[in-house]
Every structure is written in C-alpha cells, then in structure tokens.
Amino acid sequence: MKHLVAPSILSANFAYLADAVKMIDGSEADWIHVDVMDGRFVPNITIGPPVVASIRPFTKKVFDVHLMIVEPAQFIDEFQKAGADILSIHIEACAHLHRTVHAVKEAGMKAGVAINPHTNVNQLEDILPDIDVVCMMSVNPGWGGQKFIPNTLNRIRKLKALINAANSKTLIEVDGGVGTDNAHTILKAGADVLVAGNSVFKSTNPQQTIASLKHLDINTIYA
C-alpha cells in the first residue's frame, strides 16, 4: 500500500481554519489530522466537537481525529456526530482501552490508539488485532513545531515487528516533527501514515510540500 499523508491543522492559522481545510482538500493529502487537546492530558487547549463539525462541510477527505484528552470515552458520540472518520485515543489516558476501542467502532468510526514517546510499544501487543491505526507520537504531545525524537525510528521498527507477528493490518501513523527532510527515513523504518504540520503550513507552497511527501519512493531511499 502506498503511504498516506495527513496534514495537521494544528499548525494552521485558527482564524482561517476553513481556508486551511479547503487547501488540504485541493491537495494530494489522504487524511486531515485534527488534534484535540484539553489542557489536562497535555498542556494546551485546541478545539472540540463544535469546531470539527463547523469545518467538516469543507472537505470529503478523511477526518483523522486525535484525542489528547482525559476520559476520551465520554466524547466518542460527540466526535462521531461532528464528522470524525478515525478516532484515536491515548493508551496513557484510557483505563479500559479494549472497551473504549470497541465503543469507537460501534459508533461507526475506525479506531486508533495513540502512544507517547516514553511508553513501551509492547503495551500495544494485545490491542493490535482490534485497532486500525497506531498514532505514534514522535514528539511529546501538546505543541506543534517540535523536533522529531530520533529514537522513534527504533520504536517504529519494534511496532512493525509486533504488527507483522500478529498478522495485523494496523497502520503506523507518525505524528510530530515530520517533514520532507526526514519523511523518507520514517517510511523506510515502517511507517504508513505521515502527519505533517509545520512542514506543510510554514511552507511557501503547502500543496507542493504535501505532493512531495506523497510521492516519496521508499524503494529508492535508504534509512
């Protein structure tokens, strides 16, 4: 499968979110990554279901909603109604992960599990058969524009081995510090989905940057 690109609107100008969504809609991006932060699980506050619902009409692309919040199970139905297609919850924020993952699926969305840089990827082993995506944080969550943590590459390789051993089709999504300078190495390590924020929205030509990320060929590059 060709890798996917999911620009993150966290790096967009929030005064013009509709324009940001329209720009991505006209690009070669596959998904639109939507970061939801509550000021409790992470030290920042972003957007909630009303904002997601307000920008949903501007695109038919997949809304990949990443919940960086405590008690995510309380908001599953709200985000489904707002237009989320994929809902990722943090393993660190969920005491009953299996139950919550299946609640996401029962609500009609694909289920993802996000994991922070300090959390051992082996903790995902038993949930892999039940989920569609692992959102691997390659920065400490809470803010855009951070530098990619190099050890993420080893974590991607370990997770890929777990996925292959489970004969699972779970996708590895890498979120944080991803750009045209390191995306090829990330893909070579085993990633399937690139989340790109600053590298897209700080670019002089965001749609061209998205196209560059989309057309990387891992068969001609080396990690």
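Modeller: Eight strands make an open, parallel sheet, ordered β1-β8-β7-β6-β5-β4-β3-β2. This is a predicted model: local features need pLDDT of at least 70, side-chain atom pairs count only at pLDDT 80 or more, and totals for chains, interfaces and linings use all residues. Residues are numbered from 1 along each chain as its sequence is written, and side-chain values use heavy atoms, leaving out hydrogens and water.

Biologist: Which are the edge strands?

Modeller: Strands are DSSP runs (E, at least two residues) and helices likewise (H or I, at least four), numbered from the N terminus. Two strands pair if DSSP finds at least two bridges between them. Here β1 (4–7) and β2 (31–37) are the edges, each pairing on one side only. From one strand to the next, the twist averages 25°.

Biologist: How many bridges join β2 and β3?

Modeller: Seven, in the parallel sense. Methionine 37 has methionine 68 in β3 as its bridge partner.

Biologist: Where is arginine 56?

Modeller: Arginine 56 sits in the loop between α2 (49–55) and β3 (62–68).

Biologist: Why does arginine 56 count as buried?

Modeller: Buried means under 20% relative accessible area; exposed is over 50%, partly exposed in between (1.4 Å probe, protein chains only). Arginine 56 counts as buried because its relative accessibility is 16%.

Biologist: What does arginine 56 touch?

Modeller: Contact means heavy atoms within 4.5 Å. Leaving out residues up to four places away in sequence, arginine 56 touches Lys61, Phe63, Ala82, Gly83 and Asp85. Its side chain reaches the backbone oxygen of glycine 83 at 3.0 Å.

Key:
A polar contact is a pair of N or O atoms within 3.5 Å; within protein, one must be able to donate a hydrogen and the other to accept it, and residues adjacent in sequence count only if both atoms are side-chain atoms. Axes are lines fitted to C-alpha atoms, for helices over the stretch in contact, and angles run from 0 to 180 degrees between N-to-C directions.
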